[in-house]
Amino acid sequence: MTTLALTDGFVLTPGFAVEKRDVLVDADAGDIVEVGSDLGADADDTLDASDGLVIPGLVNAHSHAAMTLLRGYADDKPLDAWLREDVWPIEATLRGSDVRAGAELAMVEMIRSGVTAVGDMYFHVGDIVDVVDRSGMRARVGHGVVTVGKDDDDAQADLDESFHVAEKFDGAADGRVRTAVMPHSLTTVDEELLDEAAERSREAGIPLHFHLNETPAEVDPIVDEAGERPSAYADDRGLLRPDTWAAHGVHTDESEIHLLADRGVTVVHCPASNMKLASGMAPVQEMLDAGVNVALGTDGAASNNDLDVFGEMRDAAMVGKLAADDASAVSAESALRMATENGANALGFDSGRIEPGRNADLAVVDLDVPHLTPHHDLVSHLVYAARGSDVRHTVCDGRVLMDDRDVVAFDEGEVRERAQEAASGAVDRAER
Ligand SMILES: CSC[C@H]1O[C@@H](n2cnc3c(O)ncnc32)[C@H](O)[C@@H]1O
Ligand SMILES: [Zn+2]
């Protein structure tokens with residue numbers, strides 16, 4: 001066994017106590033071996049965590065990583081206009097190499113801010129899987145299916161591609177890549193194909209991921225045409241299961257919240273995207289009270305405009321209070337739980353808690369900075385005061401992905417250059 005010890009730091013326990021401890025990791029198996037004292041002396045390698053807080057690697061449970069290429073390309077519009085007028089036209093020009101360049105930029109950004117796992121819906125998934133593999137991160141990926149505006153054959157081919165991708169890449173990158181079938185939303189995929197997605201994925205044991213109730217425009221047509229709330233409509237299709245995680249859930253009424261809780265569905269709250277697109281405020285505290293597993297996601301960088309899950313925790317706590325008109329709603333603890341354990345549960349990873357036997361997915365936050373002083377309550381600091389740039393080391397599956405702010409697998413200058421070129425090329429093609 002090759003071991004790595006994170007030494008001399010404070011450690012966030014599963015109960016969110018903070019204790020001065022070392023963390024010993026089996027770098028071959030990728031697991032946490034022990035949390036205790038003086039574990040550095042016999043370890044093969046050490047990572048200095050002094051003046052730092054070791055936390056579980058953060059989980060970005062809903063993103064479109066390659067949309068880093070579209071950061072700042074189109075802003076200040078609501079979802080529908082933004083997608084139809086700007087995003088979808090330029091996405092139609094993206095090639096595999098572009099998606100690869102955007103995904104590289106995303107992985108660098110996430111590793112720099114302590115994210116070790118991501119749930120990603122996009123296309124050219126093979127390129128994304130290659131980047132995840134090289135980055136050392138963990139991901140649950142899938143091909144996003146959109147059938148509106150397609151003839152029957154093309155629509156079926158798109159759904160078939162989602163299954164093909166899910167089957168082909170599951171277990172890639174030494175098991176760090178898992179997959180799901182990903183119909184884009186209840187209004188952008190035909191009803192018969194939603195039925196088929198649910199049935200085939202259930203038979204094959206493949207999880208499901210889709211956008212749910214993000215805007216009124218995603219709710220009203222279903223209520224008008226099917227005569228029921230979207231979550232009930234999804235349930236009728238067989239889409240609500242314990243291995244389903246749905247993004248947004250903004251316009252979700254009480255009956256839907258109880259249905260989602262009952263079916264064991266995770267809702268991924270994406271507060272920054274919801275604010276930027278003025279989609280609305282999700283009833284997060286109500287969902288938590290009802291027992292829904294609520295996780296956090298950045299959504300794509302074009303609607304955020306970064307991939308910093310620290311920002312998502314802060315936004316979730318802040319907006320959660322506004323939405324509930326209650327300063328005690330969506331506490332720091334709740335937000336931190338959403339970004340760690342709940343996100344790992346959503347994606348089906350054995351991460352999100354620092355305890356022996358779990359995946360060694362960790363981040364070390366530098367506490368030795370003015371904006372994290374004094375140390376009354378470090379959980380409060382993680383949610384209300386810390387930033388992604390406070391992360392000093394990132395470890396995933398027992399491997400060091402960032403060492404003293406140096407991202408190991410990538411040359412950041414080259415990554416940024418490739419992303420800039422891919423983005424400029426896409427804009428040229430879109431505007432030609
Ligand atoms: C077909 S791959 C995924 C698809 O989703 C688009 N997208 C990005 N952000 C959002 C959002 O907030 N709601 C719905 N769809 C979104 C992305 O541009 C891709 O086309
Ligand atoms: Zn999304």
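## Ligand 1 and the fold around it

Reader: Which element gives the most to the shell around ligand 1?

Author: The leading contribution to the shell around ligand 1 is four residues. The model is predicted: local features need pLDDT of at least 70, side-chain atom pairs count only at pLDDT 80 or more, and totals for chains, interfaces and linings use all residues. Residues are numbered from 1 along each chain as its sequence is written, while chains are lettered from A and ligands numbered from 1 in the order in which they are written. With its four residues, the element that gives the most is α1.

Reader: Which elements give two or more residues to the shell around ligand 1?

Author: A residue is near the ligand if its C-beta atom, placed from the backbone, lies within 6 Å of it. On that basis 17 residues surround ligand 1, and V87, M121, G144, H211 and G300 are the closest. Among the helices (DSSP runs of H or I, at least four residues) and strands (runs of E, at least two), numbered from the N terminus, the elements that give two or more are α1 (79–91) and β7 (115–122).

Reader: How many charged residues does the shell around ligand 1 have?

Author: Ala, Val, Leu, Ile, Met, Phe, Trp, Tyr, Cys and Pro count as nonpolar, Asp, Glu, Lys and Arg as charged, and the others, Gly among them, as polar. The shell has seven nonpolar and seven polar residues. The number of charged residues is three.

Reader: Which residue in β7 does S63 stand opposite?

Author: Strand β6 (residues 58–63) is mostly covered, with six of its six residues buried. A residue is buried if 20 or more other C-beta atoms lie within 10 Å of its own, exposed if 12 or fewer, and partly exposed in between, with C-beta atoms placed from the backbone. β6 and β7 pair in the parallel sense over four bridges, pairing being counted when DSSP finds at least two bridges between two strands. Opposite S63 stands D120.

Reader: Why can the residues annotated as "binding site" be said to gather at one spot?

Author: The UniProt annotation "binding site", from an unreviewed entry, covers H62, H64, H211 and D299. These residues span 238 positions in sequence, so they gather at one spot because no two of their C-alpha atoms are more than 11.9 Å apart. UniProt positions follow the numbering used here, feature names are shortened, and annotations may be inferred rather than shown by experiment. The limit on their C-alpha separation is 11.9 Å.

Reader: Which residues does D299 touch, not counting residues up to four places away in sequence?

Author: D299 is found in the loop between β14 (293–296) and α11 (309–324). D299 is buried, with 28 other C-beta atoms within 10 Å. Contact requires C-beta atoms, placed from the backbone, within 7 Å. The residues that D299 touches are H62, S63, C270, S273 and N304.

Reader: Is H211 buried or exposed?

Author: H211 lies in strand β11 (residues 208–212). Leaving aside neighbours within four places in sequence, H211 is in contact with H184, S185, A247 and H248. With 25 other C-beta atoms within 10 Å, H211 is buried.

Conventions
Contact = placed C-beta atoms within 7 Å.
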